[in-house]
Amino acid sequence: MTSRLHHVAERTCVGCGERDRQSVLVRFALAEGGEVVASGRHRAGRGAYVHMRSDCIAGLARSRRLERSLRTRVERGARERFAERLEPELMATGNGR
Ligand SMILES: [Zn+2]
């Protein structure tokens, strides 16, 4: 039994910089070779989070926040490729607001 009142883990979106429930954010990480990949919940290593919103995904590609979050350099091209891969998923989930 738990007495905690609806504790929800919050993470910061690297697209807009706002904190939100982890459940509405997509986790991703830097893979070998410098590519950015969606990483799921169980993958080890430093991850970052982004809203499934086109504004946030676009922000991810532009922003330095991602590099601060992952504490490493992320090539701009890798950020943009990741954003491009996320867009179709965004459309598929119908959350593109
Ligand atoms: Zn966001």
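Which residues does Val-50 touch, not counting residues up to four places away in sequence? In this predicted model, Val-50 touches Cys-13, Val-14, Gly-15, Leu-25, Val-26, Phe-28, Cys-56, Ile-57 and Leu-60. Val-50 is also among the residues with the most contacts inside the largest nonpolar core. The briefing below sets out the fold, the sheet, the core, the helices and selected loop residues.

**Overall architecture**

- The chain contains three helices and five strands, and along the sequence these follow the pattern β-β-β-β-β-α-α-α.
- Of the 97 residues of the chain, 25% count as buried.
- Among contacts between residues at least 6 apart in sequence, 53% join residues at least 24 apart.

**The three-stranded sheet**

- Three strands form an open sheet in the order S4-S3-S5, and their pairing is antiparallel.
- Strand S4 (36-38) and strand S5 (47-51) are the edge strands, each pairing on one side only.
- From one strand to the next, the twist averages 40°.
- Strand S3 (residues 25-30) runs antiparallel to S4, and three bridges join the two.
- Phe-28 has Ala-38 in S4 as its bridge partner; Phe-28 is also one of the residues that Val-50 touches.

**Val-26 in strand S3**

- Val-26 lies in strand S3.
- Val-26 counts as buried because it has 22 C-beta neighbours inside 10 Å, where 20 or more are required.
- Not counting residues up to four places away in sequence, Val-26 touches Ala-38, Tyr-49, Val-50 and Met-52.
- Val-26 and Cys-13 are 13 residues apart in sequence, and their C-alpha atoms are 8.8 Å apart in space.

**The nonpolar core**

- The largest nonpolar core has 20 residues, and those with the most contacts inside it are Val-14, Tyr-49, Val-50 and Leu-60.
- S3, S5, H1 and H3 are the elements that give two or more residues to this core.
- Among these residues with the most contacts, Val-14 and Leu-60 are both touched by Val-50, while Tyr-49 and Val-50 are both touched by Val-26.

- The buried residues of helix H1 (residues 54-62) are Cys-56, Ile-57, Gly-59, Leu-60 and Ala-61.
- What covers these buried residues includes S5, helix H2 (65-70) and helix H3 (76-93).
- Ile-57 is found in helix H1 and counts as buried because 25 C-beta neighbours lie inside 10 Å.
- Leaving aside neighbours within four places in sequence, Ile-57 is in contact with Gly-15, Val-50, Ala-83, Leu-86, Glu-87 and Leu-90.
- The C-alpha atoms of Ile-57 and Glu-87 are separated by 7.8 Å, although the two residues are 30 residues apart along the chain.

**Packing of H1 against H3**

- The axes of H1 and H3 come within 8 Å and cross at roughly 165°.
- H1 is therefore roughly antiparallel to H3, since angles over 145 degrees count as such.
- The crossing in which H1 passes H3 is right-handed.
- On the H1 side, the contact is made by Ser-54, Ile-57, Ala-58, Leu-60 and Ala-61.
- On the H3 side, the contact is made by Arg-79, Glu-80, Ala-83, Leu-86, Glu-87 and Leu-90.

**Exposed loop residues**

- Glu-18 is placed in the loop between strand S1 (10-12) and strand S2 (19-21).
- Glu-18 is exposed because 10 other C-beta atoms lie within 10 Å, and a residue with 12 or fewer counts as exposed.
- Glu-18 and Val-50 are 32 residues apart in sequence and 9.5 Å apart in space, C-alpha to C-alpha.
- Arg-71 is placed in the loop between H2 and H3.
- Arg-71 counts as exposed because it has 9 C-beta neighbours inside 10 Å.
- Arg-71 has a positive phi of about 55° although it is not a glycine.
- Most residues other than glycine have a negative phi.

Note on methods: Residues numbered from 1 in each chain as written. Predicted model: local features only at pLDDT ≥ 70, side-chain atom pairs only at ≥ 80, totals over all residues. Pairing = 2+ DSSP bridges. Helix = DSSP H or I, 4+ residues; strand = E, 2+ residues; numbered from the N terminus. Axes fitted to C-alpha atoms, helices over the stretch in contact; angles between N-to-C directions. Contact = placed C-beta atoms within 7 Å. Core = buried A, V, L, I, M, F, W, Y, C linked by C-beta atoms within 7 Å. Parallel < 35°, antiparallel > 145°, perpendicular 65-115°, else oblique. Left-handed = near helix turned anticlockwise from the far one by under 90°.
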